[in-house]
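Hi everyone, thanks for making time. Let me put the model up on the screen and walk you through a few spots in it.

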Amino acid sequence: MNETRSSEQVAGPLADRFGRVATDLRVSLTDRCNLRCTYCMPEEGLAWLPRQQQLTDDEVVRLVRVAVERLGVTEVRFTGGEPLIRRGLVGIVAATAQLAPRPRVSITTNGIGLSRIAAPLRAAGLDRVNVSLDTLDPARFLSLTRRDRHDDVLHGLRAAASAGLTPVKINTVLMRGINEDEAPALLRFALSYGYQLRFIEQMPLDAQHRWDRHTMVTADEILAALAPFDLRPDPVSRGTAPAETWLVPGHVDAAGEPARVGVIGSVTRPFCGDCARTRLTADGQVRNCLFATEESDLRKLVRDGAADEEIASAWQAAMWGKRAGHGIDDPAFLQPARPMSAIGG
Ligand code: SAM
Ligand code: SF4
């Protein structure tokens, strides 16, 4: 159970007992997806949320508005599942970008369909995009995602850059014996187009529960593979960002800034002490951590006619109970019941 919170204890709008304040909201717009990445979903997909359990576009916008106007959220990222398959996406982005104070608005996507929708999203007020790409090889892409859509992702990346959704970031998960040899090639690819590449350690969030610490490619191994680039420490502070970043000497990004590469070492270099995230699932549950085993139901409050203050205070209570760390190293660690695709990565 969440530890009981009294109003005197709360130090900030979305504060927790360890002094962290969440300002970065991840909103999952759907648990469905048009890919089946092996580290995320089984081949046959999952039992999708029934439509009536999913928040409507208006309900999503209402909750995002409460977060921004009343709870100090300054960054909103839409994710999923695959957010580009949500029909109302452009309208949701437009409504979010019109909030005051205006939050930064971004999307994490697999890039399929981005070539068509990048410009409308930009016009609606989207600031940035992260596109997931784990390989430069179409055959590997097919075996990794179980869909033959490599070209669509590359087109999506280019469209995002042309639409000005910059800096375009690429998320890559390396897997031992599958694509771990591609780290240098992926970085060369990103540098040549001015994209910013970030490697993410594979986490125990797959629906199949097959994650194995011993096969995970670690941050140290990723950095060793990038040794030929002679990476330099980034003088810009990481703040609450999950990625540790390095400068890549001799390269600049699309904006003429020094090129950077990031590593998100969620497992071997946890950043829980600086976490500024709060999460909302597609069915309106607040999660205070990716690895939380409890959720707080905001959809019920919304559908029961709760006022904004009531929703805000339920959200605060949910965040107050956030644990100090994800506990993956704890022998009693339990993988959350929802997989990554249903939480919103
Ligand atoms: N479908 C979109 C996409 O793939 O970008 C958004 C949702 S996806 C769950 C968000 C990110 O989580 C992707 O970059 C994906 O590679 C990453 N991801 C999924 N499962 C993961 C896992 N088990 N460990 C680490 N990252 C994972
Ligand atoms: Fe879909 Fe993203 Fe999961 Fe891949 S990582 S199956 S694209 S939700």
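I'll go through the ligand site, then a helix, then a strand.

Quick housekeeping: this is a predicted model, where local features need pLDDT of at least 70, side-chain atom pairs count only at pLDDT 80 or more, and totals for chains, interfaces and linings use all residues. Residues are numbered from 1 along each chain as its sequence is written, chains are lettered from A and ligands numbered from 1 in the order in which they are written, and side-chain values use heavy atoms, with hydrogens and water left out.

OK, the ligand. Which residues come nearest to ligand 1? Of the 18 around it, those are Y39, G81, E82, S132 and M203, where being around it takes a heavy atom within 4 Å. Now the polar contacts, meaning pairs of N or O atoms within 3.5 Å. The side chain of S132 has an N or O atom 2.6 Å from an oxygen atom of ligand 1, and the side chain of Y39 has one 3.0 Å from a ligand oxygen. T109 uses a backbone N or O atom instead, 3.2 Å from an oxygen of the ligand. On its own, ligand 1 has 540 Å² of accessible area, and the protein covers 96% of that; areas are Shrake-Rupley with a 1.4 Å probe. The elements giving two or more residues to the shell are β3 (104-109) and β5; strands here are DSSP runs of E, at least two residues, and helices are runs of H or I, at least four, numbered from the N terminus.

Next, helix α6, residues 183-193. Its buried residues are A183, P184, L186, L187, F189, A190 and L191, with buried meaning under 20% relative accessible area, 1.4 Å probe, protein chains only. They pack against α5, β5, β6, α7, β8 and β9, going by heavy atoms within 4.5 Å. Just after α6, G194 has a positive phi of about 80°.

Last stop, strand β10, residues 277-280. R277 and R279 point one way, T278 and L280 the other, and all are buried. β10 runs parallel to β1, joined by 4 bridges, and pairing takes at least two DSSP bridges. R26 has R279 as its bridge partner. With β11, β10 runs antiparallel, through 2 bridges, and L280 stands opposite V286. The hairpin has 4 residues between the strands, and G284 takes a positive phi near 80° there.

Notes:
Buried means under 20% relative accessible area, exposed over 50%, partly exposed in between (1.4 Å probe, protein chains only). A polar contact is a pair of N or O atoms within 3.5 Å; within protein, one must be able to donate a hydrogen and the other to accept it, and residues adjacent in sequence count only if both atoms are side-chain atoms.
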